[in-house]
Amino acid sequence: MDLLFNIFVSPFIEMVTMPDFLLQVLWEGFVSGTLYALIALGFVLIFKASGVFNFAQGIMVVFAALTLVGFHAAGLPAYVSLVLALAVMGFLAWGVERVVLRHLVNQPDLILFMATIGLSYFLIGFGELIFGGEPKSMITEQLGLPTGSTTIEIFDGIVILQHLDIAAAAIAAILVAGLALFFSKTRIGRALRAVADDHQAALSVGISLNQIWAIVWFAAGIVALATGIMWGARSDVSFALQIVALKALPVLILGGFTSVPGAIIGGLIIGFGEKLFEVYWGGLLGGGVEGWFAYVIALIFLLFRPQGLFGEKIIERV
Amino acid sequence: MFYREAGQYKTSYKADQAIFPIFQDRMAIVFYLLVAFVAIPYFGSDFFITSMMIPFLIFSLAAIGLNILVGYTGQISLGTGAFMGVGAYACYKMTSIFPDVNIIILIISSGIFSAAVGMIFGLPSLRIKGFYLVVTTLAAQFFLEWCFIRVPWLYNYNDSGAIEVPQREALGVIVTGASATPTTRYLIVLAIVVAMTWVASNIIHGRIGRSWMMIRDMDIAAELMGIRPLYAKLSAFAVSSFYCGVAGAMMVFFWLGAAEVESFDVNHSFLILFMVVIGGLGSLVGSFLGAAFIWILPVILRAIPDTIGLDINAATVEHINFMIIGGLIIFFLIVEPHGLARLWALAKQKLRVWPFPY
Amino acid sequence: MSARTAADIAVGEDLLHVDDISLSFGGVKAIQNISFNIVKGEIRAIIGPNGAGKTSMLNVINGFYHPQEGTITFLGEERRKMRPYRAASQGISRTFQNVALFTGMSTLDNIMAGRSLKMHRNFFWQMFRYGPALNEEIEHRRAVEEIIDFLEIEHIRKTPVGQLPYGLQKRVELGRALAAEPSLLLLDEPMAGMNLEEKEDMSRFVIDVNQQFGTTIALIEHDMGVVMDLADRIVVMDYGKKIADGMPKDVQSDQNVIDAYLGVAH
């Protein structure tokens, strides 16, 4: 009886009696949801264009952030470092296309997936070799990102909003809008959608797959850099992030592997759900449930809607 | 020249349905077994046996387990590490609950627990396919990891949160714990791995193995041929997890001696998946080759700077190791996506017709 | 050619009876109110232009699609919904329009796979590949060899089917369907994409199966010459509806059929 009360009643009483705390939790959920969405966005870009499930996206986030911090530590101004980091991501995209993707055309998905795991191992080793394995702090102020916080008084309590988080949400929104515009209005965007639809048909009308892939990986690299800056600013830049980055998977399950809006909504659902569950119900299970809650949500969701939130019902043919 | 099947006529379907129909192959197996059971314990150094052979065999068994799921049934799993953990924790609990039962029986029975857990997490595979299944197995991975930390009953409320292997005897010989000799542990691991590989090979070549491969190659056609996906998939999950569980239990009891949750984390799941892919999906030989490659290569790489007198610190070597392994994985996938097992088969084919090219 | 006459068919016993079947996907009506029967021992053809719903009809018969309306009676047993493996265990077996072989397995294993339903030895014996399990394996190997012999594919017995040319793959697929010893064999375009010689071979196998084993066959085929020669009776479908049903010569002269194939001025 007590247990049922603790599960079904007391969390809600707590929410109603302390609405300011609930708001704070929701805000935290929103912020981590934005970050999940950004990582998922990188996955979606690459999956749409090449059908590759890019496991290395999480590592690319860390790697991009490390490069940025690394250039700055070497004495370069922050903005120059930013540009150079972008260039490195561009070079990485080109290299991946050249060395890996080009040779793996028409291989089964599993092989491509494994190749990206190989890529992430390589990037982990390479990153640690050059920048060292210890966590670093992000050059938040040097990049002109706001610090500090605003305290809002509401419901007889307070809610604290970090300026950085607000900036993160804004940057994420701008990034998504920019990408959407790029893909719907430009020639390359059209070519990319053609490739996403059918590789061979796209080839036959003269679209260069290699070029498109390099561009898409670069776009994913830009998203990774933005994610890395935001994430690094909230905690440290370290390879521990790759485990967190795996949470993009449940996000993708909810949102669908090819849908940009899906990635955002999925990210937010996971972000909110995870924080609420951890704060109000986690205690019953001894805490630390954030590690698996996202996956279990995705699992339950899949059982009822195997095609994802926005997917169409799958009709199997023979 | 010696590897010829000419003149070996099969006069019964029984002979032709044998797992090694070629005489030389049967001789080769006998030879490998002799080396493994006699030569290595006799000549191998303690370091070679403890740091190379024992983990190699244990990982081979885990790779066979995962290969049954990924290579033979076509269901991708990233939960191997956790399923190994279930075996290890189950075995640990059983040693404290039944201290008098022979440890080897406990090791084998611990597989039953991981098989049960594997079947529960395999249930979604009936509705979910492909990468979606990766997520459900990751759910298993992280949920079980959490259990290994948050359920203190599993590690007998130790302050350290680790499980430590008690000393146990079998047939009057100390087989686990710090006083067990490497050779004893090696021989037990070897015997279990050989026996379980033989069983795996039997299952794969029979009706059940065929039903797995049918699901893998064309699940719709399999169902229209009368295969029930429920049975085929769940039996694959059960057998696969059983193997992983036994491997996990052996890993702790015969190799590490003590373990906590880090020994079963998601990186181990990746490691085993690498072994399977590099070795060859859907090949038992490949599971051994893959395990040898992924496990022994870093050991050698770590030893290289010392041998040639280079003074590089251990961390750097470790980073370079990561790069080399990552690079080699990509290289292998490009050059031979079917893994080392395919290279092995090609080599045998060449040998068969040597000195002619065809 | 088999000399079954209209009279033979009329006295024949129904093997399968589909009654007023309708199937739709969302708003698309794939099949609308179709009824027909298949008599024991006959070769029944289903023809029609592309997209007429022929393959969907086969999918309904072997339980892969569940029709929204109508019933199917097989061997006197009426059913509405069933899983494909149930249909298989009742004795319906089939081949596919786009070859659906188990590409990772050899010809031998593929045909052995077709006998899955006839093999029952439990896990325990399988583990040791000994005693009953081994005997069963060998007994079925013998049956499979007979099919291999019948289809003249001895030379590719141990070749992985992925490496075979298309015509042979189709033949292996027929072998796999035969291995189940079905009472009703569904063939979905068994001759699509074949050259004349391969078509003749395949036609011969279809007739042999029908006559030697007495297997009832329902086939979809586009080659009118083949259909007219092989089939005892023909169902013609267009836009998910049945537009004709009868002996080849009657169907051939049916005005609706001619309109469907040649188009008609509206």
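User: Which residue in E5(C) is the bridge partner of C:Phe74?

Analyst: The partner of C:Phe74 is C:Glu77. Please keep in mind that this is a predicted model, in which local features need pLDDT of at least 70 and side-chain atom pairs count only at pLDDT 80 or more, while totals for chains, interfaces and linings use all residues. Residues are numbered from 1 along each chain as its sequence is written, and chains are lettered from A and ligands numbered from 1 in the order in which they are written.

User: Why are E2 and E5 of chain C called edge strands?

Analyst: The open sheet has four strands in the order E2-E1-E4-E5 (chain C), with antiparallel pairing. Strand E2 (28–39) and strand E5 (77–79) of chain C each pair on one side only, and that is what the name edge strand expresses. On average, neighbouring strands of this sheet are turned by 20° against each other, direction ignored; the axes are lines fitted to C-alpha atoms, for helices over the stretch in contact, with angles from 0 to 180 degrees between N-to-C directions.

User: How do you know that strand E3 of chain C is largely enclosed by the rest of the structure?

Analyst: A residue is buried if 20 or more other C-beta atoms lie within 10 Å of its own, exposed if 12 or fewer do, and partly exposed in between, the C-beta atoms being placed from the backbone. Five of the five residues of strand E3 (residues 43–47) of chain C are buried, and therefore the strand is largely enclosed. From E3(C), C:Ile43, C:Ala45 and C:Ile47 point one way while C:Arg44 and C:Ile46 point the other way, and all are buried. In a regular strand the side chains alternate between the two faces of the sheet.

User: Which strands pair with E3(C) in the parallel sense?

Analyst: Strand E8 (residues 216–220) of chain C pairs with E3(C) in the parallel sense over four bridges, and in E8(C) it is C:Leu219 that stands opposite C:Ala45. Strand E9 (residues 233–238) of chain C is also joined to E3(C) by four bridges and runs parallel, with C:Val235 in E9(C) opposite C:Ile46.

User: What makes C:Tyr239 partly exposed?

Analyst: C:Tyr239 has 15 C-beta neighbours inside 10 Å, so C:Tyr239 is partly exposed too. The loop that holds C:Tyr239 lies between E9 and strand E10 (241–246) of chain C, and phi of C:Tyr239 is near 45°, a positive value in a residue other than glycine.

User: How do you know that the radius of gyration of chain A agrees with that of a compact globule?

Analyst: The radius is taken over C-alpha atoms, and the globule rule is 2.2 Å times the number of residues to the power 0.38. For 318 residues a compact globule would have a radius near 20 Å, and chain A has 21 Å, which agrees. The C-alpha trace of chain A spans about 65 × 60 × 35 Å along its principal axes, and chain A has 14 helices and two strands.

User: How many residues of chain A are in contact with chain B, and how do they divide by class?

Analyst: Contact requires C-beta atoms, placed from the backbone, within 7 Å, and 38 residues of chain A are in contact with 36 residues of chain B. H6(A) gives the most to this side of chain A, with 14 residues. The residues of that side divide into 28 nonpolar, eight polar and two charged, where Ala, Val, Leu, Ile, Met, Phe, Trp, Tyr, Cys and Pro count as nonpolar, Asp, Glu, Lys and Arg as charged, and the others, Gly among them, as polar.

Methods. Two strands pair if DSSP finds at least two bridges between them. Two residues are in contact if their C-beta atoms, placed from the backbone, lie within 7 Å.
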